[in-house]
Amino acid sequence: MKKLAIYLIKLWQRFISPLYPPSCRYYPTCSNYAIMAIEKYGLLKGSFKAMIRILRCNSFFKGGVDYP
C-alpha cells in the first residue's frame, strides 16, 4: 500500500504538477515531503503529516525549509 501511494505521488509529479506554475512556499516541495514522510513514518502517519503540510502551504505561513 505504501508503494502504491508513493507511485501515485510520482505520477502527480510527472504528469499533473508541470501543468501548474511553480508556487511552493516550502523546500522540499509538498509532494517530495509526502514521499519522504510516507517512507519514514509509514502510510498512515506519513499521509497525515503530508496533509498537515499541505494545509500550511498558504499565505498565512512563511514557508522555508521543512523536513519530515
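How many disulfides does a search of the whole structure find? I got zero, taking a disulfide as a pair of cysteine sulfur atoms within 2.5 Å. Cys30 is in none, and its nearest cysteine sulfur, that of Cys57, is 4.2 Å away. That is too far for a bond.

A note to myself on ground rules: this is a predicted model, where local features need pLDDT of at least 70, side-chain atom pairs count only at pLDDT 80 or more, and totals for chains, interfaces and linings use all residues. Residues are numbered from 1 along each chain as its sequence is written, and side-chain values use heavy atoms, with hydrogens and water left out.

Next I checked burial (buried is under 20% relative accessible area, exposed over 50%, partly exposed in between, with a 1.4 Å probe and protein chains only). Cys30 counts as buried because its relative accessibility is 15%, whereas Cys57, at 27%, is partly exposed.

Then I turned to Arg53, which sits in helix H3, residues 43–56 (a helix is a DSSP run of H or I, at least four residues, numbered from the N terminus). Its relative accessible area is 0%, so I logged Arg53 as buried. Which residues does Arg53 touch, not counting those up to four places away in sequence? I found Tyr26, Tyr27, Pro28, Thr29, Cys30, Tyr33 and Asp66, with contact meaning heavy atoms within 4.5 Å. For Asp66, the backbone oxygen lies 3.4 Å from a polar atom of the Arg53 side chain.

Last entry: Trp12 lies in helix H1, residues 2–16, and is partly exposed at 38% relative accessibility.

Key:
Helix = DSSP H or I, 4+ residues; strand = E, 2+ residues; numbered from the N terminus. Polar contact = N/O pair within 3.5 Å; in protein donor to acceptor, adjacent residues only side chain to side chain.
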